[in-house]
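Hi everyone, thanks for making time. I've got one structure to walk through today, so let me put it on the screen.

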Amino acid sequence: MCKDYSSVSPTDDSVKTETGPQLKGHRYMHKEGHCNVVFRHVPEEWLLFVTDIFTSLVEIRWRVMFLAFTLSYIMSWLFFGTLYWMIALVHGDTKDNTNNPCMYEVHSFTAAFLFSLETQTTIGYGFRGMSENCMIAIITVTIQDVLSCFIDTFVIGIVVAKMASAKKRGQTVGFSHCAVINLRDGYLCLSWRVGDFRRYHLVEGTACAQVVHSMAHTTGKVDVTYEDLVLQQKDIVLVTPTTIFHRIEPSSPLYKMGLVDLRKADFELVVSFTYTDDSTGMLHQTRTSYTPAEILWGQVFQDMIMISRKHYRVDYTLFNQTTKVVVPEVSAEEYDKSERRQPSLQHSNRSSSQHSPWSQLQEKLLKPPVVTVEVMSDSHPEPTVSASQTDRQHLDSLTLPNDFTSTEI
């Protein structure tokens, strides 16, 4: 499980719920990425195994593969040794040593087996050999040489393919032990980490996530459904550990799920990362899964990337460590409603205050008066303004020197 280094008291009920391993039912996929599925009564299973023999041998265990290859060599030596022994018996090489033999120094079954082994492995000790007296023996040696080339090619190809298997490279790319839910850009988001532990990094990769539901009926029928999650950061160049997050929106299957609902839910989050290796150019995939007990609410991953003078430093001791943050324990649906409700209330308060009688009276009282300045000359009489017009227009008249023209301020 992920380690929480936050300063939260141990009496917090939410923390107890998050760290408890409450596993419901069977896992659809193990943490190592292996599917927890066993096939029974597959029709023509052995025929399928033999039809795709190369893939079958690549997928079997090393000890089984070594046993199969050892038996293939030994059985071929015994088979052709038996043929050489029968040819020697029919030709009479075991009774008459002076006769022109089909094979030199082959007078017993042990000698025939050694001749078969030396022929197939091209050892050539110099004691036993083939003569030109028996055409059947020459044909048998030719067939054995061709068959030995096929066996060697098959064994080498299987070993190389098994050593370069994607499962071994997949063990060097790992996910965090847990997923977290926190706020990101004003949205509730589900996130997890993925990192490459090797020095030679990947070319590119694509992340995927699905929510798997298993429903068992009273009749014994089991329905397995899959729901895709939309990831905001799907295509990744995995040079440094990256946090992949899913925004919990109305289209998300987690949109109506709060902390209490999450702890009662029975589903499994299956995540995968498909990538290309920079060294070999081969396509690989790493998988894992998270149960509701492994999804921590109100947690955030600790920063593990630091900058030195010349390099970016990545501290993998912080890869699985999280810190407690303040996150509402409601569902994303309720959180979005509350966020939309607050701006509407603020807007309504502002609009009501603007249209109230008191605000209108206050605006009228605070309105500055209009002052009109008229410049009068001595040659023109002073205009007269009635008192009613003065009260209506709120005008003040001032007299200025003669060298100014009429101006309105």
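Okay, let's start with a lysine. K337 counts as partly exposed, because its relative accessibility is 41%, and the cut-offs for that class are 20% and 50%. Before I go on, keep in mind that this is a predicted model, so every value I quote is computed from it.

What does K337 pair with? Its side chain meets that of E333 in a salt bridge, at 3.9 Å from N to O. Both residues sit in helix α9, which covers residues 332–354, and they are four residues apart, about one turn of the helix. The glutamate, E333, is partly exposed too, since its relative accessibility is 22%. While we're on salt bridges, there's also a network: R27, K31 and E294 are joined into one by bridges that share partners.

How many salt bridges are there by this rule? The count is six. Two others I'd like to point at: D223 pairs with K221, and the closest N and O atoms there are 3.9 Å apart. D223 has a relative accessible area of 26%, so it's in the partly exposed class. Then E249 pairs with R247, with 3.8 Å between the closest N and O atoms. E249 comes out at 25% relative accessibility, so again we call it partly exposed.

Which residues make the nonpolar surface patch? They are W46, F49, V50, I53, F54 and F154, and the patch comes to about 590 Å². Two elements give two or more residues to it, namely α2 (45–51) and α3 (53–59). The largest share is from α2, with three residues.

And F154? That one is placed in helix α6, residues 135–163. F154 has 31% relative accessibility, so it counts as partly exposed. For the patch, the cut-off is over 30%, which means F154 gets in on accessibility with its 31%.

Last stop, the second largest pocket, with about 460 Å³ of space in it. Twelve residues line this pocket, and the closest to its centre are F39, E45, F49, S56 and E59. You've met F49 already, as part of the nonpolar patch. Helices α2 and α3 come back here as well: each supplies at least two residues of the lining.

So what is the lining like by class? We have six nonpolar, two polar and four charged residues.

Definitions and conventions:
Residues are numbered from 1 along each chain as its sequence is written. This is a predicted model: local features need pLDDT of at least 70, side-chain atom pairs count only at pLDDT 80 or more; totals for chains, interfaces and linings use all residues. Side-chain values use heavy atoms; hydrogens and water are left out. Patches are made of residues with over 30% relative accessible area and no salt bridge: like charges are joined within 9 Å, nonpolar side chains (Val, Leu, Ile, Met, Phe, Trp, Tyr) within 5 Å. Accessible areas come from the Shrake-Rupley method with a 1.4 Å probe; for residues, only the protein chains shown count as cover. A salt bridge is a side-chain nitrogen of Lys or Arg within 4 Å of a carboxyl oxygen of Asp or Glu. Buried means under 20% relative accessible area, exposed over 50%, partly exposed in between (1.4 Å probe, protein chains only). On a 1 Å grid over the protein atoms alone, a cavity is a set of points where a 1.4 Å probe fits but cannot get out, and a pocket is an open set with protein on both sides within 12 Å along at least five of seven lines; lining residues have an atom within 4 Å of a point. Grid points are joined across faces, edges and corners, and a volume is the space filled by probe spheres set on the points. Ala, Val, Leu, Ile, Met, Phe, Trp, Tyr, Cys and Pro count as nonpolar, Asp, Glu, Lys and Arg as charged, and the others, Gly among them, as polar.
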